[in-house]
Amino acid sequence: MTTSPTALVPKSAAPASLGRRVLSALYVRKRLQLALLLAAPTGWFVVLYLGSLAVLLVTAFWFLDPTTSSIVRSLTLQNFVTLISEPVYRTIALRTVTIAAVVTITDAAIAFPIAYYMARVAAPRPRSILFMLVLLPLWSSYLVRVYAWRVILSPGGLLDWFFTTIGLPGLSPGFSDASMWLVFSYLWLPYMILPIYAGLERIPQSLFEASADLGGRGWMTFRRIVVPLVLPALAAGSIFTFSLTLGDYITPKLVSNTQFIGNVIYDSQGVSNNVPFAAAFAVVPIAIMAAYLLLARRLGAFDAL
Amino acid sequence: MGRLGLRIATAAGFAFLYIPIVVIVLYAFNAQRVQAWPIQQYSTEWFAAAFESPSVRAAFALSVEIGLGATFVALVLGSAAAFAVQRYRFFGRETISFALVLPIALPGIVTGMALNSTINAAGIGFTIFTIIVGHATFCIVVVYNNVIARLRRSSRSIEEASMDLGADPWQTFRYITFPVIRTALVAGGLLAFALSFDEIIVTTFTAGTQETLPIWIFSHLRLPNQRPIVNVVAVFLIVLSAAPVYLASRLSGSTGVGGSRT
């Protein structure tokens, strides 16, 4: 510390102000301190966040009167009946979940060699540079990165040009489910690299040596040592890749011509003003994520976050 | 996998991460309004046009205002929660970290839609205030993670030494505790600001007619004659959301996924 103790003495010798007397009185009352510290953050979370989630759940059981287009505040299952009986919503929900799952698998496959190289091969200095290079896209604007892909994928864009140049015109994904898969995998890749990297870094070198001493070749060591130990980290990363894809509506809007759950929520809320229906459809990703988080916790993901 | 294969896979992975960013930066210098590849002619004229655009300036000012508001709330609430969890034992202590991470673990549209239904049900209007509330809700965890990590690493004995030497609680906080957590607060605040500045999903659901910079991009990117300006604003947004991250990681040493975003 730069402040020398002598600098403190004259101040405490001066008559204590009211504020300081209050602080000193507070100092011995641990419970009161704790209450003061916790009041604001828990109040914010319970009232604003959990309260809002509760309101969302209640709103999902209200409905929009089509003749007056006003919201009727009496409980009904009408929105959920519509969700289940209209095949289009099933298709949309299924598409969303499938792409979220495929993106998660793709990211795990791309992230693993990168994380392995960073954690177990690279020297300390290149490692810290690579770490920064993973971190920057993670934090740099999400919307801009989707927009960049829209520019790349659009007709006459970079991918179109690339496939034409190598003599395979028409292979560019354009705006489709395939382009969504590509862009989502791109967007959430850093979220998968970082936990796997941390998980791989924690494996003691001695385990690799022990495996080699016992005759384990590369593949055997990988399957019996690396995979089990890195599984919680993989599950942790997958929470992000899965959840973020599940709730997105910007990416489908910008690089595809199909709809996600998020698009229906967005349009119901913003375009047709049917907030109750939007709320009802928002319950679907909540339920899926709740199941997913329970599963991830069993795999030890929360300790690897 | 052999060493060489590993190197190639890593290099390809990083190329995948950076090519789109390089492409969008190049397009910001594209002289033409048509976004074809390869770019025929380069120019810096759109930077001046973007700088002079009144709607871009207004959106930028609004984004800064919201970012500062959300960061302020996050700093106060996040560090209070960090002190409570790290320094005290109480019932429900484990739940707090889990609850704080929920707004970023659940899809952003859930947080957005929840706040949207509440604002609708309560009949309060959609204002800059509701946007700040929405942003602060997911920014708190970033400050919390940074401060609690610092508190875990620092020893309480220097505070006890300060008290033994006759400092009152305020002096101990002012001269000992605060300097210890200062850089963690700066790092957490920078990350919170970057998160807020870049956010679009929660913003859409908590905003009325307000246009933040990401919403400005989203509503203008389909207009062909606005594209060159959108490109410039996009590059600006990349720089402004990446710079705090670089600074923060210099200050605090690490910013894991736990402190990340939707």
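Visitor: What makes the residues of α11(A) and α14(A) count as meeting one another?

Guide: Two residues are in contact if their C-beta atoms, placed from the backbone, lie within 7 Å. By that criterion A235(A), I239(A), F242(A), S243(A) and L246(A) in α11(A) meet P285(A), I288(A), M289(A), Y292(A), L293(A) and A296(A) in α14(A). By class, this contact has ten nonpolar, one polar and no charged residues, where Ala, Val, Leu, Ile, Met, Phe, Trp, Tyr, Cys and Pro count as nonpolar, Asp, Glu, Lys and Arg as charged, and the others, Gly among them, as polar. This is a predicted model, in which local features need pLDDT of at least 70 and side-chain atom pairs count only at pLDDT 80 or more, while totals for chains, interfaces and linings use all residues. Residues are numbered from 1 along each chain as its sequence is written, and chains are lettered from A and ligands numbered from 1 in the order in which they are written.

Visitor: Why is α11(A) called roughly antiparallel to α14(A)?

Guide: The axes of α11 (residues 218-246) and α14 (residues 275-298) of chain A come within 10 Å and cross at roughly 175 degrees. Axes are lines fitted to C-alpha atoms, for helices over the stretch in contact, and angles run from 0 to 180 degrees between N-to-C directions. Angles under 35 degrees count as roughly parallel, over 145 as roughly antiparallel, 65 to 115 as roughly perpendicular and the rest as oblique. The pair is therefore roughly antiparallel.

Visitor: How many helices does chain B have, and what makes a run a helix?

Guide: Chain B has eleven helices and zero strands. Helices (H or I, at least four residues) and strands (E, at least two) are DSSP runs, numbered from the N terminus.

Visitor: Which element gives the largest share of the side of chain B that touches chain A?

Guide: In total, 76 residues of chain B are in contact with 80 residues of chain A. The largest share of the chain B side, 13 residues, comes from α1(B). By class, that side has 55 nonpolar, 18 polar and three charged residues.

Visitor: What makes a set of residues a nonpolar core?

Guide: Such a core is a set of buried Ala, Val, Leu, Ile, Met, Phe, Trp, Tyr and Cys residues joined through C-beta atoms within 7 Å. A residue is buried if 20 or more other C-beta atoms lie within 10 Å of its own, exposed if 12 or fewer, and partly exposed in between. The largest core has 168 residues, and Y147(A), A74(B) and V233(B) have the most contacts inside it. V233(B) touches A50(B), V56(B), L213(B), W216(B) and I217(B), not counting residues up to four places away in sequence. Of the 262 residues of chain B, 52% count as buried.
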